[in-house]
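Please find below a colleague's note on a protein structure.

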Amino acid sequence: MSETQKQFQEEAEQKIKDQIDAEVTTELKRQVEAFKQELETLKSDLVSQLQHLVVAAQHEKEQIFNEISRITPSIIQEEFVAPEVQQKLEELTKQLESLKSANPQLYLTVDDYINQGHALWIENRYEDAIASYEKALQLQPDSDVAWSGKGQALQRLKRYEESLAAHAEAIKINPNNFRSWFGQGYTLRYMEHYEEALISYDQVIQINPDFHHAWNHRAYALIKLGRYQEAWDSLERVRQLKSNSSNLYYNQACYYALNGEIDSAIASLEQAMSLNDRLNYIINIDADFDMIKDEQRFQELINR
């Protein structure tokens, strides 16, 4: 083969090779672009699915908190909570915990953490309640409701000084929050600072004259101070506001017992227990009833 023919053959082979390379490159580019487009479609679908899941989780969260907030405001100040209410809140908090575990990205607002704290407080999970209130305060340090809730939980743990500090912070932020004043009075009562507790209860009544809990606890403080007529007047006000309050009849029983009116004291205790069948233990250890504990009718009552 001559040099010319050889050169011609090599050039032809090179052209074929270049053409094949170009075609392969074009096909590879096409496949890469198709793959990229498919990835974008998959990514878009995945994002859409995730957004749907987040929206669904947020909706479920809102439903749970709507139910919690419907229950808690009416009973957060109660001494005793009905077992069926407590069970319902336990179910709701379990649903919430399960939802949060499955959806770590779930967003909780300040109000969500506060309502969760209220529910945990009613469940007697005071440490957990404090943690929830503190998360609310991380988001909103000037939330008087969160400070007040934290104060209530601390009171139940008998951390009285911390409780007073939390309520004081709540009152500083919002002096018109009667629940903060009530919480402060409640803590002072358990510290047996009855005069100071009275000042707090009077503040509550000044802001909300129809808040029967304040009148009831005011009556108890007055009884402990031996100011019986004023205590009776407060109990009369409770009777006007909430005549079916077990606390009303319990405090009325204290009033009668300390005044030596045995029949009236036992009759009042019977009424209290008809409204709250979990009072037996508390009645039995309450020193206010020491004067009548040896009475047969008293023993029959608490041993029912």
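The numbered points below go from the overall fold to single residues.

1. Basis of the note. The structure is a predicted model, in which local features need pLDDT of at least 70 and side-chain atom pairs count only at pLDDT 80 or more, while totals for chains, interfaces and linings use all residues. Residues are numbered from 1 along each chain as its sequence is written, and side-chain values use heavy atoms, with hydrogens and water left out.

2. Overall fold. The protein has 14 helices and 0 strands; these elements are DSSP runs numbered from the N terminus, with helices (H or I) of at least four residues and strands (E) of at least two. Of its 304 residues, 43% count as buried. Buried means under 20% relative accessible area, exposed over 50%, and partly exposed in between, with a 1.4 Å probe and protein chains only. Among the contacts (heavy atoms within 4.5 Å) with a separation of 6 or more, 56% are between residues 24 or more positions apart.

3. The main core. What is the number of residues in the largest nonpolar core? It has 47 residues, of which Ile283, Phe289 and Phe298 touch the most other members. The elements giving two or more residues to this core are α6 (160-173), α7 (178-190), α8 (194-207), α9, α10, α11, α12 (262-275) and α14 (296-302). The largest share, 8 residues, comes from α11. Domain 2 (175-234) and domain 3 (244-303) both give residues to this core, so it lies between them. Apart from this core lies another, of 17 residues, among them Ile114, Trp121, Ala129 and Ala166. A nonpolar core is here a set of buried Ala, Val, Leu, Ile, Met, Phe, Trp, Tyr and Cys residues joined through side-chain atoms within 4.5 Å; the domain bounds come from an automatic or database domain assignment.

4. Phe298 and Phe289. Phe298 is buried, with a relative accessible area of 0%, and Phe289 is likewise buried, at 0%. Not counting residues up to four places away in sequence, Phe298 touches Ile266, Leu269, Ile283, Asn284, Phe289, Ile292 and Lys293.

5. Aromatic pairs. The structure holds 12 aromatic pairs. Rings of Phe, Tyr and Trp (its six-membered ring) pair if their centres lie within 6.5 Å; planes under 30 degrees apart count as stacked, over 60 as edge-to-face and the rest as tilted. The ring centres of Tyr255 and Tyr256 are 5.5 Å apart and their planes stand at 75°, so this pair is edge-to-face. Both Tyr255 and Tyr256 are buried. The pair of Phe289 and Phe298 is tilted, with 6.3 Å centre to centre and 40° between the planes. Ring pairs also link Phe178, Phe182, Tyr186, Tyr190, Tyr201 and Phe211 into a cluster.

6. Helix α10. The expected span of a helix is 1.5 Å times one less than its number of residues. For the 14 residues of α10 (residues 228-241) this should give 20 Å, and the end C-alpha atoms are 20 Å apart, which agrees. Which residues of α10 are buried? They are Ala231, Trp232, Ser234, Leu235 and Val238. These cover an arc of only 160° around the axis, which puts them on the same side of α10; the arc is that of the directions from the helix axis to the C-beta atoms. The buried residues of α10 pack against α9 (212-224) and α11 (246-258). The face turned away from the buried side carries the exposed residues Gln229 and Gln240.

7. Ser148 lies in helix α5 (residues 144-156) and is buried, with a relative accessible area of 4%. Not counting residues up to four places away in sequence, Ser148 touches His167, Ala170, Arg179 and Ser180. Trp181 belongs to helix α7 and counts as buried at 15% relative accessibility. Leaving aside neighbours within four places in sequence, Trp181 is in contact with Ile171, Pro175, Ser200, Gln203, Val204 and Ile207.

8. Positive phi in two loops. Asn124 has a positive phi of about 70° although it is not a glycine. Asn124 is found in the loop between α3 (110-122) and α4 (126-139) and, at 44% relative accessibility, counts as partly exposed. Lys158, also not a glycine, has a positive phi of about 65°. Lys158 lies in the loop between α5 and α6 and is exposed, with a relative accessible area of 62%.
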